[in-house]
Amino acid sequence: MENDGKELTSAAEDYLKAIYALDSEGKRATTSALAERMRVSAPSATAMMKRLAELGLVERSAYRGVELTERGRLCALEVLRHHRLLERYLADSLGMSLDEVHAEADRLEHALSEELEARIDAALGYPTHDPHGDPIPDKALRMETPSSRSVADLDPGDTAVVTRVPDGDPALLRYLAEIALVPGEELELKQSAPFGGPLTVKTGNGEHAIARELAASVGIA
């Protein structure tokens, strides 16, 4: 990926993706938030924020962290497109599981050429979502807004189909696969415990009690 003739490092691309993710979650991309997400020291995060600002990819403001410029947003979306297309390819063509594809795509996304990206896209039939249910930016870097409904929004007796699961925790993804709470699977909310207690969902392999926080992270349609 290039920006005005200067090739971005993989670290810079990772920061742009992290800033985009924080903004999508309604959070400010402050030094502390970026340092925590990138698992680096605050001085390292500050140095990269300054570098990205020099490249015209972010705008810095006192006490508010950074915001992506339009060029920065497009760079972040292109990295995200690479990542999610790779996840789809690894799952569909190589049979890798949900808990494996994220880390592999993280390693490969920076090396993917535009030509290979286009070939993978065509070979997969131009997919619109990755294996976790997140939308894939299209060739023009347009991306649909995912539904905000989650399992936590259901009432007892309601049924739904899982459309999205969190993608960053392999252990959590293995657990969700074990209880058949993954994209494409149907579920029914059987019980909602009072006073913020767990929810009981019925999936294809039985009934399972899950925390409300987890339920809120599983998207449905």
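**View 1. Pairing of E188 with K202 in the predicted model.** In this predicted model, K202 of strand 7 is the bridge partner of E188. E188 belongs to strand 6 and is also the bridge partner of T159.

**View 2. The hairpin of strand 6 and strand 7.** Between these two strands lie 6 residues. Within this hairpin, F195 adopts a positive phi near 60 degrees.

**View 3. Strand 5 beside strand 6.** Strand 5 (residues 159-164) runs antiparallel to strand 6 (residues 186-192), and 3 bridges connect them. T159 has its bridge partner, E188, in strand 6.

**View 4. Surroundings of D138.** D138 is located in the loop that links helix 6 (114-123) to strand 5. A polar atom of the D138 side chain lies 2.8 Å from the backbone nitrogen of R142.

**View 5. Crossing of helix 1 and helix 4.** The axes of helix 1 (residues 10-24) and helix 4 (residues 70-92) approach within 8 Å and cross at roughly 100 degrees. The two helices are therefore roughly perpendicular to each other, because angles of 65 to 115 degrees are counted in that class. Helix 1 contributes E13, L16, K17 and Y20 to the contact, and the residues they meet in helix 4 include R73, L77 and H83. By class, this contact comprises 7 nonpolar, 2 polar and 3 charged residues.

Notes: Residues are numbered from 1 along each chain as its sequence is written. This is a predicted model: local features need pLDDT of at least 70, side-chain atom pairs count only at pLDDT 80 or more; totals for chains, interfaces and linings use all residues. Side-chain values use heavy atoms; hydrogens and water are left out. Two strands pair if DSSP finds at least two bridges between them. Helices (H or I, at least four residues) and strands (E, at least two) are DSSP runs, numbered from the N terminus. A polar contact is a pair of N or O atoms within 3.5 Å; within protein, one must be able to donate a hydrogen and the other to accept it, and residues adjacent in sequence count only if both atoms are side-chain atoms. Axes are lines fitted to C-alpha atoms, for helices over the stretch in contact, and angles run from 0 to 180 degrees between N-to-C directions. Angles under 35 degrees count as roughly parallel, over 145 as roughly antiparallel, 65 to 115 as roughly perpendicular and the rest as oblique. Contact means heavy atoms within 4.5 Å. Ala, Val, Leu, Ile, Met, Phe, Trp, Tyr, Cys and Pro count as nonpolar, Asp, Glu, Lys and Arg as charged, and the others, Gly among them, as polar.
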